[in-house]
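User: I would like to learn how to read a ligand site and the pockets of a model. Please take me through one.

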Amino acid sequence: MIKIAPSILSSDRGRLSDEIKAMTDAGADWIHIDVIDGHFAPNITFGPWVVEVARKATNIPLDCHLMVSDPLTYAPLFAKAGADYVSVHLEAALHTHKILSSIIEAGAKPGLAINPNTSLALLDDTLEMLELIVLMGVNPGFSGQPFIPATTKKTKKLSDTLSKLGLAIPIEIDGGVTDKTAADLVAAGATVLVSGSHLFSSSNYAEAITNLRQSL
Ligand code: DX5
Ligand code: ZN
């Protein structure tokens, strides 16, 4: 089944706990937590304490997406705070093996995220270690940006590569996912859909999640 992961970057952050509970009750599969350091991408968002708050608010998996320039230092902190998945950006992961190993040692599942124009080929030698691959559908930083259409073709290319290698790594699409873009992404091989502004702008989260599922 396709997993739907609301991104709390679009939530009412003054009511973070209640927003996470509401999305859980509405049928979300995972909660997506965007960590941005103001250096790797132009926004400053959440520290590890937000993962602790989220962990108390819900039992569904917490999916941390680290858009930070120093993942070696920060990735284990998010794993220790209670994240189930910790994904770091390939563009910032100079010592990739060391970073992914540190996430595993800290008790989380490691993932790699890649920007819209970063080549999939750069993932080749890392695939065996990954439990999640995040393809960005927008440039990292903000919710509510328009979807970059080339993401769909890239999703298909990655999905074909994984099938050939017999690897069942979930492919997560992050950015610009709505009831208009999701179906093509899933047809191309996406299995996890992050959605921020589209879901949180709804006045009825359960209806928004159901509509997104029905659009597939
Ligand atoms: C962008 C973030 C996304 C963002 C998605 O840097 O990684 O998770 O919240 O927001 P929407 O779904 O509004 O594009
Ligand atoms: Zn994200």
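User: How far does a polar side-chain atom of His65 lie from an oxygen atom of ligand 1?

Analyst: First, a caution: this is a predicted model. For polar contacts, look for N or O pairs within 3.5 Å. Here the distance from the polar side-chain atom of His65 to a ligand 1 oxygen is 3.3 Å.

User: What is the distance from an oxygen atom of ligand 1 to an N or O atom in the side chain of Asp34?

Analyst: That distance is 2.7 Å. Check the backbone too: a polar backbone atom of Gly196 lies 2.7 Å from an oxygen atom of ligand 1. Then look at cover. Ligand 1 taken alone exposes 380 Å², and the protein buries 99% of that.

User: Which elements give two or more residues to the shell around ligand 1?

Analyst: Three strands do: β2 (31-36), β3 (62-67) and β8 (192-195). In total, 19 residues surround the ligand. Asp34, Gly141, Asp174, Gly196 and Ser197 are the closest.

User: How many residues of each class does that shell have?

Analyst: Eleven are polar, six nonpolar and two charged.

User: Now the pockets. How much space lies in the largest pocket?

Analyst: Start with the general idea. Empty space shows up when a probe the size of a water molecule is rolled over the atoms. In this model, the largest pocket holds about 230 Å³. Its lining has 24 residues, with Phe142, Ser143, Asp174, Gly175 and Gly176 closest to the centre. Ligand 1 takes up the space of this pocket.

User: Which elements each supply at least two residues of its lining?

Analyst: β3, β8 and α7 (197-200) do. By class, the lining of the largest pocket counts 14 polar, eight nonpolar and two charged residues.

User: What volume does the second largest pocket have?

Analyst: About 150 Å³. Read its lining as before. Among the residues there are Pro116, Asn117, Leu120, Ile148, Lys153, Lys154 and Lys157.

User: How many residues of that lining are charged?

Analyst: Three are charged, beside four nonpolar and four polar residues.

Methods:
Residues are numbered from 1 along each chain as its sequence is written. Chains are lettered from A and ligands numbered from 1 in the order in which they are written. This is a predicted model: local features need pLDDT of at least 70, side-chain atom pairs count only at pLDDT 80 or more; totals for chains, interfaces and linings use all residues. Side-chain values use heavy atoms; hydrogens and water are left out. A residue is near a molecule or strand if one of its heavy atoms lies within 4 Å of it. A polar contact is a pair of N or O atoms within 3.5 Å; within protein, one must be able to donate a hydrogen and the other to accept it, and residues adjacent in sequence count only if both atoms are side-chain atoms. Accessible areas come from the Shrake-Rupley method with a 1.4 Å probe; for residues, only the protein chains shown count as cover. On a 1 Å grid over the protein atoms alone, a cavity is a set of points where a 1.4 Å probe fits but cannot get out, and a pocket is an open set with protein on both sides within 12 Å along at least five of seven lines; lining residues have an atom within 4 Å of a point. A molecule sits in a cavity or pocket if more than half of its atoms lie within 2 Å of its grid points. Helices (H or I, at least four residues) and strands (E, at least two) are DSSP runs, numbered from the N terminus. Ala, Val, Leu, Ile, Met, Phe, Trp, Tyr, Cys and Pro count as nonpolar, Asp, Glu, Lys and Arg as charged, and the others, Gly among them, as polar. Grid points are joined across faces, edges and corners, and a volume is the space filled by probe spheres set on the points.
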